[in-house]
Amino acid sequence: MRWILFAGGLGSGKTTALESYLRGNARAGGRPPILIVNDVGSLGIDAARLRAAGGSREVLDLTAGCIDCADAARFAEVLENAREEGADLCVEPTGASDVRGLLDVFARSHVRPAVVTIASAAHYERCLAFQEESLAAQLREADAVCVNRWQRLPSDLLARLLADMERRRGTAA
């Protein structure tokens, strides 16, 4: 049973990272996971994109609010069902979700997912301005941090951003 929580701010690249994971998992012959997508609003854009990408057993789009608070009961129910089935699971919450609240809901199912935090170097400072506490928690709780959109940044700015991420994770030297 492999459970992965793809954390990251709004527009950080979580859906793109999850698409890449699904392709790699399929190439490696892995079991197709159940996807839980917490889209903002009823349009279900990310869920539709992930359905079209393929590679998942099922895509559940929870749109009644953030799955760490307003829709936590439904999220917990889905987690419990997946745990009882022994299913692999990937979760893409809205970028506004509180990763600590999400981990609390997971804990009630007696499972700690791997937390992969996606951080956009190009949008990191803007994300900090609007979601500093949330981003800091996502970095602290991460088992892995994937930094994307770094290629066009000046090397001194990239070095400063990476150092800030390490400091917020508590891994700075």
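A: Contact means heavy atoms within 4.5 Å. Keep that in mind for this predicted model.

Q: What covers the buried residues of α3?

A: The cover includes the strands β1 (3-8), β2 (34-37), β3 (58-61) and β4, along with the helix α4 (99-108).

Q: Which residues of α3 are buried?

A: Buried means under 20% relative accessible area. In α3 that holds for A72, F75, V78, L79 and A82. They cover an arc of only 125° around the axis, so they sit on the same side of α3.

Q: What comes just after α3?

A: G86, with a positive phi of about 75°. Further on, D88 lies in the loop between α3 (72-85) and β4 (89-92).

Q: Is D88 buried or exposed?

A: Buried: its relative accessible area is 8%.

Q: What does the side chain of D88 reach?

A: The side chain of D88 comes to 2.9 Å from the backbone nitrogen of R2. It also makes a polar contact with the side chain of R31, at 2.7 Å. Setting aside residues up to four places away in sequence, D88 touches M1, R2, W3, R31, P33 and I34.

Key
Residues are numbered from 1 along each chain as its sequence is written. This is a predicted model: local features need pLDDT of at least 70, side-chain atom pairs count only at pLDDT 80 or more; totals for chains, interfaces and linings use all residues. Side-chain values use heavy atoms; hydrogens and water are left out. Helices (H or I, at least four residues) and strands (E, at least two) are DSSP runs, numbered from the N terminus. Buried means under 20% relative accessible area, exposed over 50%, partly exposed in between (1.4 Å probe, protein chains only). A polar contact is a pair of N or O atoms within 3.5 Å; within protein, one must be able to donate a hydrogen and the other to accept it, and residues adjacent in sequence count only if both atoms are side-chain atoms. The arc is that of the directions from the helix axis to the C-beta atoms.
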